[in-house]
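Here are my notes on this model, point by point. Have the structure open while you read.

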Amino acid sequence: MTHELRATIFIVVSTLLILAYLAWVLTGPIKRFLYRHFTVRFYYPVVRQVALDHDFFLVNEFVGSLSGGDQLHIDHILIGEKYIYCIRDRYYPGTLLSDPEDEMWTFYSGKTKSVQISNPVSINRFRVERLCLLAPIDRSIVIPIVLVNNDCYYTPFEQDDASGYFLSLKQLAKFVDLKEAEDVSPINALVAESLANDLSKMKSHDAK
């Protein structure tokens, strides 16, 4: 093996090792940046797969106009056979000190750095209540869900249909399966289809 060939191999291997190291170092920051700024886009395939598996209606990135000029944002409205799931996507790369009764939660993104954030569960519940005023939806069959990243850690708290749920991406499919297996009356199929069409029209109108 010539000196030139050994030098070329050394340069190529060194370059590959450096690139691999940079990729390993930068994977975390790049992932956090993308998930923070494009949360709905990254979570959408998970929600869509649940809709496809069950043949549910899905209205994505719903925006509705409220009285006074305010707008109502819900990332995903999943219309199942027995329940309607109103999902709000959130990305928390750290730990949350969470309590459904508290107006503010503490979010730790590092060992010592912390910030106060508005309670996402209560915010999503408020959005659901406004949606039920905006559209002819029975509040008793609507389930608010805050959907978070799988590596989000939080203080466990009691959750129910009325107050809402705080679920990771990997929990969503199983959660929907359990809810849809409950012994409750199903939503009329024509009503479900009509609601999906109405919400889509409202969304399209407000997007103009």
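1. Let's start with Asp-55, which sits in the loop between helix H2 (39-54) and strand E1 (57-65). Helices here are DSSP runs of H or I with at least four residues, strands are runs of E with at least two, and numbering goes from the N terminus. The phi of Asp-55 is near 60°, a positive value in a residue other than glycine. Asp-55 counts as exposed because its relative accessibility is 70%; the cut-offs are under 20% relative accessible area for buried, over 50% for exposed, and partly exposed in between, using a 1.4 Å probe and protein chains only.

2. Before going on, a word on the ground rules: this is a predicted model, where local features need pLDDT of at least 70 and side-chain atom pairs count only at pLDDT 80 or more, while totals for chains, interfaces and linings use all residues. Residues are numbered from 1 along each chain as its sequence is written, and side-chain values use heavy atoms, with hydrogens and water left out.

3. Glu-61 is another one to check: its phi is positive, about 50°, although it is not a glycine. Glu-61 is found in strand E1 and is partly exposed, with a relative accessible area of 46%.

4. E1 belongs to an open sheet of 5 strands, ordered E1-E2-E3-E7-E9 with mixed pairing. Two strands pair if DSSP finds at least two bridges between them. E1 and strand E9 (165-168) stand at the edges with a single partner strand each, so one side of each has no neighbour in the sheet. From one strand to the next, the twist averages 35°.

5. How do E7 and E9 pair, parallel or antiparallel? Strand E7 (residues 142-148) pairs with E9 in the parallel sense, over 4 bridges. Val-146 has Phe-166 in E9 as its bridge partner. Helix H4 (residues 169-180) packs on this sheet and touches E3, E7 and E9, its direction making about 125° with that of E9. Contact means heavy atoms within 4.5 Å. Angles run from 0 to 180 degrees between N-to-C directions, and axes are lines fitted to C-alpha atoms, for helices over the stretch in contact.

6. Helix H3 (residues 120-134) also lies across the sheet: it spans E1, strand E2 (71-79), strand E3 (84-89), E7 and E9, and runs at about 140° to E7.

7. Now the helix pair. The axes of H2 and H4 come within 10 Å and cross at roughly 20°. That makes H2 roughly parallel to H4, a label for angles under 35 degrees. The residues that meet are Tyr-43, Val-46, Val-47, Val-50 and His-54 in H2, and Leu-169, Leu-172, Ala-173, Val-176 and Asp-177 in H4.

8. There is also an open sheet of 4 strands, in the order E6-E5-E4-E8, again with mixed pairing. Its edge strands are strand E6 (114-118) and strand E8 (153-154), each pairing on one side only. E5 and E6 run antiparallel and are joined by 5 bridges; Met-104 stands opposite Ser-118 in E6.

9. Finally, take a look at Thr-106 in strand E5 (residues 104-108). Is Thr-106 buried or exposed? Thr-106 is buried, with a relative accessible area of 15%. Its side chain makes a polar contact with the side chain of Gln-116 at 2.8 Å; such a contact is a pair of N or O atoms within 3.5 Å, and within protein one must be able to donate a hydrogen and the other to accept it, with residues adjacent in sequence counting only if both atoms are side-chain atoms. Leaving aside neighbours within four places in sequence, Thr-106 is in contact with Thr-95, Leu-96, Leu-97, Ser-114, Val-115 and Gln-116.

Terms used. Angles under 35 degrees count as roughly parallel, over 145 as roughly antiparallel, 65 to 115 as roughly perpendicular and the rest as oblique.
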